[in-house]
Amino acid sequence: MSCFLMINSWAGDDQIHATEKMARIFRMDPEEADVVVDNLANGNPWQFDHQVSDRQSQVAEPYLQSLGFEVESIPVMSDDGMGLGMPTENFNGSKPGLFGKIKNLFKKKR
């Protein structure tokens with residue numbers, strides 16, 4: 001199953017660092033990530049538009065929490081009448097997904 005990541009707020013110590021990491025993880029322009037983190041710091045939630053796998057979510061949630069984000073995963077149900085009706089888009093194979101991005105971030109810290 002997959003899910004959507006909802007970030008409800010940010011209350012970390014280093015907003016610049018959190019903004020840089022958010023931009024890299026979610027493939028955003030730094031300016032867009034800055035606006036998102038500012039809004040999160042002011043209590044306005046943000047949801048990533050794309051589905052992520054449960055495996056990606058299990059890696060992403062603790063990492064984002066370590067940066068000061070309050071993260072929630074919202075399960076995506078099948079289309080058998082129990083679906084959430086949220087749009088889905090797949091990433092093309094040319095770039096690593098969320099899990100790959102986070103994995104690369106951990107490799108760079110070594």
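This is a predicted model: local features need pLDDT of at least 70, side-chain atom pairs count only at pLDDT 80 or more; totals for chains, interfaces and linings use all residues.

Trainee: In which helix does Glu31 lie, and which residues gather with Glu31 in a patch of negative charge?

Mentor: Glu31 belongs to helix 2, which covers residues 30-41.

Trainee: Where is Asp49 found, and is Asp49 buried or exposed?

Mentor: Asp49 sits in the loop between strand 2 (46-47) and strand 3 (52-53). The cut-off for exposed is over 50% relative accessible area. Asp49 has 56% relative accessibility, so the residue counts as exposed.

Trainee: How many residues apart in sequence are Asp49 and Leu5, and how many Å apart in space?

Mentor: Along the chain, Asp49 and Leu5 are separated by 44 residues. In space, C-alpha to C-alpha, the separation of Asp49 and Leu5 is 8.3 Å.

Trainee: How many helices and strands are there, and in what order do the elements run?

Mentor: The protein has four helices and four strands. Read from the N terminus on, the order of the elements is β-α-α-β-β-α-β-α.

Trainee: What share of the contacts join residues at least 24 apart?

Mentor: The count takes in contacts between residues at least 6 apart in sequence. A contact here means heavy atoms within 4.5 Å. Of those contacts, the share that joins residues at least 24 apart is 78%.

Trainee: Where is Gln65 found, and what is the C-alpha distance between Gln65 and Trp10?

Mentor: Gln65 is part of helix 3, residues 54-66. The relative accessibility of Gln65 is 41%, so this residue counts as partly exposed. Gln65 and Trp10 are 55 residues apart in sequence, and their C-alpha atoms are separated by 8.9 Å.

Trainee: What is the phi of Arg27, and where is the place of Arg27?

Mentor: Most residues other than glycine have a negative phi. Arg27 is not a glycine, yet has a positive phi of about 50°. With a relative accessible area of 29%, Arg27 is partly exposed. The place of Arg27 is the loop between helix 1 (15-25) and helix 2.

Trainee: Where is Met77 found, and how many Å separate Met77 and Cys3 in space?

Mentor: Met77 is in the loop between strand 4 (69-76) and helix 4 (98-109). At 35% relative accessibility, this methionine is partly exposed. Met77 and Cys3 are 74 residues apart in sequence, and C-alpha to C-alpha they are separated by 8.5 Å.

Trainee: In which strand does Pro75 lie, and what is its relative accessible area?

Mentor: Pro75 lies in strand 4. This proline is partly exposed, and its relative accessible area is 38%.

Methods. Residues are numbered from 1 along each chain as its sequence is written. Side-chain values use heavy atoms; hydrogens and water are left out. Helices (H or I, at least four residues) and strands (E, at least two) are DSSP runs, numbered from the N terminus. Buried means under 20% relative accessible area, exposed over 50%, partly exposed in between (1.4 Å probe, protein chains only).
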